[in-house]
Amino acid sequence: MVSPIYIVAAALGVGFAIGVLGKLGKNFSGILALLTIGFMTFVSSEWLYAFYVGNQVPTYIFTAGFKPPISINLLMGPKEAFLTTMVNFIGLLGGIYLFFNFGRKGRNAYVVYMVFLMSLNVVIMTRDIFNLFVFLEISAIATAGLILIERGNRAVGAGFKYIIATSIISSILLIGIIFAYFYTGTLNIDGLVQAHLSTTATGGIAVFLIMIAAVLEMKPFPANGWGLDVYEGSHQGFSAVVSVATATASYYVLYKLLAIAGPVGSQWDYYLALMGAVTFIGSNLLGVKQKFARRLLAYSSIGQLGLLMLILGLRKYLGDNLDYVVLGILITNLFAKTGFFWLAGIVKAKTLKEWAIIRRKPFFLFLMGTFVFALIGFPPFPSFFAKWTMVMNLARQGGFGWIAVILIGSFLEAIYLFRWFGYAVKGEDTYKYDFNIRWHKITPIVILVAALYYAGYLTSQYTELGRMIDFIPLFFVLVLFAIDFLPVAVKNTIAILGMGTYFYFIYPDLDNLRLIFEVIFMVGGILTLIAGYAYKGKRSGFYPVAILMYAGLTGIIQAHTTLEFFFGWELMTAGSYFLIIRGKRSMPHALSYMLFSVAGAYAILAGFGIANIGQAFPSLDIMNNIQYFPNWAYGLLLIGFLTKTASVGLHIWLPGAHGEAESDVSPMVSAILLKAGVFGIVLALIGMSKSDFDLSALAYTLGWIGALTALFGNIGAVFQEDAKRLLAYSSIGQLGYIVFAFAIMTQLGWLTGFTYVINHFLYKAVLFLTVGAIVLRVGTHNMYEMGGLIKKMPWAFFAVLIGIIALSGVPPLSGFTGKWLFYNAIIEKGWYFQGVIAMFAGGIAFLYLYRLIQTIFLGQLKDNHRNVKEISIWFLIPIYTLLTGILVFSYEPQWVLKPLGNMIAQYFPNNGLHWEGSYAYSHLGYWTGAGVAATVSVVFVIAFILLKIMTRKAHKLEQFDIVFSGERPERPETTHIAYNMYAGFYKAVWPLTVPLVERFWTWMSDLVHETAGFVRRIYSGNGQAYMLHIILYIIILYFITIGGNI
Amino acid sequence: MEYLQLGRISLIISFLLIIIGFWGILSQKNIIKIIVSFTILDTGINVLIVSLGYLKGRTAPIIDASVSQGPNHNVLNAIVDPVPQALVLTAIVIGFGVTALLLAYAMKLFKAKRTLEINQFNDLKW
Amino acid sequence: MVRNFLIGLVLASIGFIFFNLYNTYEPKTELNGIAAHYAAKGAEEIGAANIVTAIVVTYRGFDTMGEVTILFLTASIIGFFLKLSKKDEAKKIIHHGTSELLITSAQILVPIIFLFGVYVFMNGHLTPGGGFQGGAIIASGVALLIMANPNRQINHHAILWIESISGVSFVILGLLGIFLAGGFLDNRFLSLGTFGDLFSAGAIPLIYSFIGLKVGAEISNILNKYQKSQKES
Amino acid sequence: MALFIGVLVLAMAIIAILNKKLSIAVIAAGVVSLFASVLYLLMAAPDVAMTEAAIGSGLSTLIFFYVLNKIKRYNG
């Protein structure tokens, strides 16, 4: 082992020597400096490895040959080894990234950079408080110098503000140190800890001054204008290093000094948590209003610092897991934030909107996506596991308020990061300038991304639960990324084969409940993928994200533990987000989808946290046995799942997201994806049915939510001109029925629910596939721009016809099965009022379903559609396969319903259906699928024949066989019968359709933006004002913590 | 006359110097004046450190004949606390470094905008 | 107005904090903690009469290394801050004739000042003063030189070499402490000698000399940079 | 003695802050350092006194004047 003192000796020795050696050339100095940083990295990582292997004990390094407190000593323990390795590693990559930027400033810049990194190492390792002060000063001075590798006045201003602010902070620290020395006679941190300074009144002030200085180094909101300016104003390559390496060191300083303030659970813990929370929420809130990329990164960095401070303050709750949580957050921030800053340095786009240029080079988009998802805490990145562990521990210890704080702050961060990412993926790219790739700049970023994925895998292996997570589907996703250059047919085949094989291997292990959903997810997925053959070219990026969604879906099915479930849930969210944003005008809808999903996921996370209280092992079965706050736990879980099923109030993302998606994506995200929410609701309701607590109020509320969703969804669908949006609203309504049915919590209710689940999957897939295929042919979503397509697309017509019959619930198709069961269940349960609403909603469904046939297929063929062909065969194959499913389910429902009933009987043994052959009996009556179908078919055939006979003499009209009045309307489409078809009806029901909900969410969003816009005015840009903030912060905190009690 | 002890007086002086330093930092608009205020703040802190290490009636921490061989003297009772003095040496040098850097910044700032008013340098805000 | 009131409030609050500190202040009557150890054992362990020097060079030598680093950093940073263009470099500073008196006295005084500086840091372990003071004195000499003739080219290379070699030697002496004695910057790898001699206290005179040279070179360097920056227009 | 120096130091510090003329402010700050070093001597800290006198009041003030001179040159 190389003693860490050689880090110092090497950096200084080489640094001093470069003064003379530097005459050999600038690049020589640079390479020498890089080699030295490499040596530093080697030393620290060697220690880290020794600790990792496990045969190393923490080692003190004594200087001057005396034991502390006589002399200064350094400590190399596992934490120090990890942090120094990270600092040096980032520093090394940063050195490569900035190599030529430094070069322009002459050889001194290399030396300053090297010494800067060395000082951070010492700051991390030292156990002497004055030594800490000295090396903090070194790092501050070096930073103030390196800020100026960026040209321009902004950097100079930022550097000046930085140095005056840090001077004030270090003055405060110095006063604290000298008083601490005065009272204890030692400068050694361990000695100060033992002296219990804060127990005495006077020592309390010294501790206060030391702690507040350490806190101010963490740039707490709102005394952090200077920090923001540094991140924004200096060269992005260097901002990254300051943002992560300095921040890491500052965190550790706070960690070390917190021991002086008192043991775990002392007052200072609480203050830290409070300041961290204010910073975390405050800076993320202000980030929401930010338009400029660099400044936004600055806000995000400071938010992360606040989070670290908050976590440290919550160490009482986290116990032994503190280090794990910090490690997860820190390592994500280290890699992702650094990479993001460096990416910003390459792309050079100023505003967020200008980042649209990044997708000219898709690989860069991949990098950015990785960073965004890592920062927000999506799997498989370390922050995901850290956040999970944190919430679980907080919930177990009763820190519910802190959970809320952390989740709200994270949500605010998600808002701006996803908005930014949305601009990058889909924003208008009308900018003239481009960005160029230089290898020495891109290589460090790629290394960081690789490290990020690997760190994610490694972090997961460190939790007992994470080790169970199946990474095979994710690996498959990565493979698909790697082969993205292949043509679409090849990738489609590989994707289908992959899913099929996976399904083949896992389905024997599933119980019936899971099998139903797994079949919907995987078989449905394969069927919709078949439609992909209709696409030409490469379809870049489609397959990895589609498979990512399916990986998540199968993940939630296969989950045995809550963590696995949540892991799958988040993967599915990420994948579906990417699928949705692929649509042409999807950017805002994808954003709102993502935000609702993230909020929903946080609700689920909190729900799992509460469910986990008092449990020995967090398997998924704990949902059946929630012991504390069951209403909260189930309520939060249900809210989370309801965001995915787009229940009323949480539905506003759905119409746009589904409507604007690509033709074969709409069925994926509608027919298939929505069922994930249903699966969650089913799991929660199973738990509620088994609970010892009385949870009927929750179920009752859920029932109402379902009924209202059915009503509002269907009313919304009526007034759509866009065929796909119509179907999307219809999905909201149908999901409302499903939620309602499950909320009934009886065997019949659940049978209804499952019938609807299967039905909705079948007909919504058929309808979306068909409409999507038609849209591909005619090039518009608007129904009034279609018409008369029946002749051109008879196969499509038949599919839509069957689909809407099944959907509307009229005999003879399976929709009727559902309706019959539904009314039985409602009557049995006695929820008449809700039942009436649902029935009314069912009536409304006819209004819009009729239009699908009437407007698209009947009427006049449009001029420009004269040459359209039948929809693609690749769409027809899955459509007709699904149609077969509908017919089978309609004529032989008992094939499915009987086993379903048996399965549900596990949970609700009473009052099920009673089967005799194909006759089903409830206590209200009986019904037979085949019988009804046969009867109706006979009636239909008779009616059809009669009609044919009666209209024998009908005269066939050609398309232009009409009389023009000689007037030409301004907007011809307004004369179309389908245009604004239900205008009259609208007058009657508008209060129900006025998007009150949307108005509410708009109001919320405006509120957030305006608050942010108002608060951020404190950052006036005046360095003096920033100093005033710092001093005011100190004073206010003094009065809070110590006040007059002296 | 306990309140007129050297240690107490210089403690008060140091506190007042620090407060004057903060006053200048917060109230002066001119960057040079702000830097001057910083040097006063630094001086105040240095005086504070030394006065905390002062023990009444003792000599400098240099062990010469008068200290070690004095009549009933042992070194422990003869010299003032040497540690704060060592710390102040470091603090002074650090202060000098920071001042030099601040002044270099002041020159850069002046070159950028031909003014030394601190409120003119607010390109970065919000 | 609001601003002034706020500042007044802030200052009053700082005053209040200090008042609390003052109120609880009890002057020390005894050396405690590490100070007691240094006073009692310092001379014997380190061999330096000046306890402050013993602390600065050995006990807390690591801090001192940081201190030297700070000066070094400042000089380096100012180096690339105030870098002149080639054109400006060639310019002369217009000055209104330095008086003969100053030039002459500089010529006489500077060598004496240098000698004094060397004396101060060589005797740091015996008398007040040491590397920093000596270095500052040497730098003052350089300042006097520059002032006497603003256009005088100080031998930049000499400064560079002194700076570099003394810095590296300082680090090497520190490392010798690891190999030959108890740890980094331990002065006891040379004999402690007779207490009170010039060549005593182990490596302290050596280390302090290098520190003095280094500090003198760094500060001269900084002054030189500032002087040169006057050329720029 | 200490009291006298203390009053002088504070008076100089206030002059340094209040005086409009930059050169006077800088000199006053230098004098503050100088008196402080006398104070150090009184408090039995000759090492500190030497350092403060050489660096704090000497070299710092010199650098201040370089900058002031530069600024005057621009303005003049």
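What follows is a short chat about a predicted model.

User: What ipTM and pTM does the model score?
Analyst: The predicted model has an ipTM of 0.96 and a pTM of 0.93.

User: And pLDDT for chain D, what is the average?
Analyst: Chain D averages 90, and 99% of its residues score at least 70.

User: Which elements of chain D have the lowest and the highest mean pLDDT?
Analyst: Helix α3 of chain D, residues 46-75, has the lowest mean, at 89. Helix α2 of chain D, residues 22-42, has the highest, at 92.

User: Switching to chain B. How many helices and strands are there?
Analyst: Chain B has four helices and zero strands. From the N terminus on, the order is α-α-α-α.

User: What share of chain B is buried?
Analyst: Of the 126 residues in chain B, 67% are buried.

User: And what share of its contacts with a separation of 6 or more comes from residues 24 or more positions apart?
Analyst: In chain B, such residues account for 59% of those contacts.

User: Now chain C against chain A. How many residues are in contact?
Analyst: 48 residues of chain C are in contact with 46 residues of chain A. On the chain C side, α1 (2-23), α2 (33-46), α3 (51-59), α4 (61-81) and α8 (156-180) each supply at least two residues. The most come from α4(C), which gives 15.

User: What classes are on that side of chain C?
Analyst: The side of chain C that touches chain A has 21 nonpolar, 20 polar and seven charged residues.

User: One residue now: where does Ser730(A) lie?
Analyst: Ser730(A) is in helix α31 of chain A, residues 723-743.

User: Is Ser730(A) buried or exposed, and why?
Analyst: Ser730(A) counts as buried because it has 29 C-beta neighbours inside 10 Å, and the cut-off for buried is 20 or more.

User: Leaving aside neighbours within four places in sequence, which residues is Ser730(A) in contact with?
Analyst: Ser730(A) is in contact with Gly713(A), Asn714(A), Ala717(A) and Tyr848(A).

User: How far apart are Ser730(A) and Phe712(A)?
Analyst: Ser730(A) and Phe712(A) are 18 residues apart in sequence and 9.5 Å apart in space, C-alpha to C-alpha.

Notes
Residues are numbered from 1 along each chain as its sequence is written. Chains are lettered from A and ligands numbered from 1 in the order in which they are written. This is a predicted model: local features need pLDDT of at least 70, side-chain atom pairs count only at pLDDT 80 or more; totals for chains, interfaces and linings use all residues. A residue is buried if 20 or more other C-beta atoms lie within 10 Å of its own, exposed if 12 or fewer, and partly exposed in between; C-beta atoms are placed from the backbone. Two residues are in contact if their C-beta atoms, placed from the backbone, lie within 7 Å. Ala, Val, Leu, Ile, Met, Phe, Trp, Tyr, Cys and Pro count as nonpolar, Asp, Glu, Lys and Arg as charged, and the others, Gly among them, as polar. pLDDT is the predictor's confidence in each residue, from 0 to 100.
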